[in-house]
Amino acid sequence: LKGFSSGAIALTGVEAISNGVPAFRPPESKNAAATLSLMATTLGGLFIGISLLASRLHPYPSKNETVISELGRAVFGTGPVYVLLQIATAAILTLAANTGFADFPRVASIIARDGFAPRQLARRGDRLVFSRGIVGLALVAAVLIVVFGGKTDGLIPLYAVGVFTAFTLSQAGMVRHH
């Protein structure tokens, strides 16, 4: 169950795309649908490939090495392809962490305009972003890092709850809208 809950975080991209449709170039819905289709195909291929490798290699998650690292080391050795895999994984995780800062302020502004959040979150800042939402999110993130001592074992389940809450709320809003 722990592995499933940690792995299910891959759905964050779906949530980010559904929340960020207005940020796409026109025609927004067509471009968002194409991005979502590409992401789903990539995610499906990765899921099947990793599942097949895991069924053959039987990796075991530990605090010292991730399952992806273990599988990559078994397949590629410790050469340049393995290092590239590690760099790509770090880049993907960095981009995933950024989606909260890209999408939360926009969603919070919509909720604030509807009167369900403080109205200060609805205002754009000097740089045409919802800076109060970004600052608020950064403060909450900093407090969580301090409270959990920066240990990912405690933060990942909290992140999963946040992602699934946002995902559920955004999808419920889309269903209600349509």
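Modeller: Here is a short walk through the helices, their packing and a few residues.

Modeller: This is a predicted model, where local features need pLDDT of at least 70, side-chain atom pairs count only at pLDDT 80 or more, and totals for chains, interfaces and linings use all residues. Residues are numbered from 1 along each chain as its sequence is written, and side-chain values use heavy atoms, with hydrogens and water left out.

Biologist: How do you know that the span of H3 agrees with what it should be?

Modeller: The expected span is 1.5 Å times one less than the number of residues. H3 covers residues 28–57, which is 30 residues, so it should span 44 Å, and its end C-alpha atoms are 42 Å apart, which agrees. After H3 comes histidine 58, with a positive phi near 50°.

Biologist: What about the reach of H6, residues 131–147?

Modeller: H6 has 17 residues and reaches 24 Å from first C-alpha to last, close to the 24 Å expected. Glycine 149 follows H6, and its phi is positive too, near 65°.

Biologist: Why are H4 and H5 called roughly antiparallel?

Modeller: Two packed helices are described by the angle between their axes and the distance between the axes. Axes are lines fitted to C-alpha atoms, for helices over the stretch in contact, and angles run from 0 to 180 degrees between N-to-C directions. H4 (residues 67–76) and H5 (residues 80–113) pack at about 160°, with axes 9 Å apart. Angles under 35 degrees count as roughly parallel, over 145 as roughly antiparallel, 65 to 115 as roughly perpendicular and the rest as oblique. H4 and H5 are therefore roughly antiparallel.

Biologist: Which residues of H4 and H5 meet?

Modeller: Contact means heavy atoms within 4.5 Å. From H4 come Ile68, Ser69, Gly72, Arg73 and Phe76, and they meet Val81, Tyr82, Leu85, Gln86 and Thr89 of H5. By class, that contact has five nonpolar, four polar and one charged residues. Ala, Val, Leu, Ile, Met, Phe, Trp, Tyr, Cys and Pro count as nonpolar, Asp, Glu, Lys and Arg as charged, and the others, Gly among them, as polar.

Biologist: What makes serine 69 count as buried?

Modeller: Buried means under 20% relative accessible area, exposed over 50%, partly exposed in between (1.4 Å probe, protein chains only). Serine 69, found in H4, has 4% relative accessibility, so it counts as buried. Leaving aside neighbours within four places in sequence, serine 69 is in contact with Tyr82 and Gln86. Over the chain, 18% of the 178 residues count as buried.

Biologist: Why is H5 called oblique to H6?

Modeller: The axes of H5 and H6 come within 8 Å and cross at roughly 130°. That makes H5 oblique to H6. Gly100, Phe101, Phe104 and Pro105 of H5 make the contact with Gly133, Ile134, Leu137 and Ala138 of H6. That contact has six nonpolar, two polar and no charged residues.

Biologist: Why does glycine 136 count as partly exposed?

Modeller: Glycine 136, in H6, has 30% relative accessibility, so it counts as partly exposed. C-alpha to C-alpha, glycine 136 and phenylalanine 104 are 10.0 Å apart in space and 32 residues apart in sequence.

How values were computed: Helix = DSSP H or I, 4+ residues; strand = E, 2+ residues; numbered from the N terminus.
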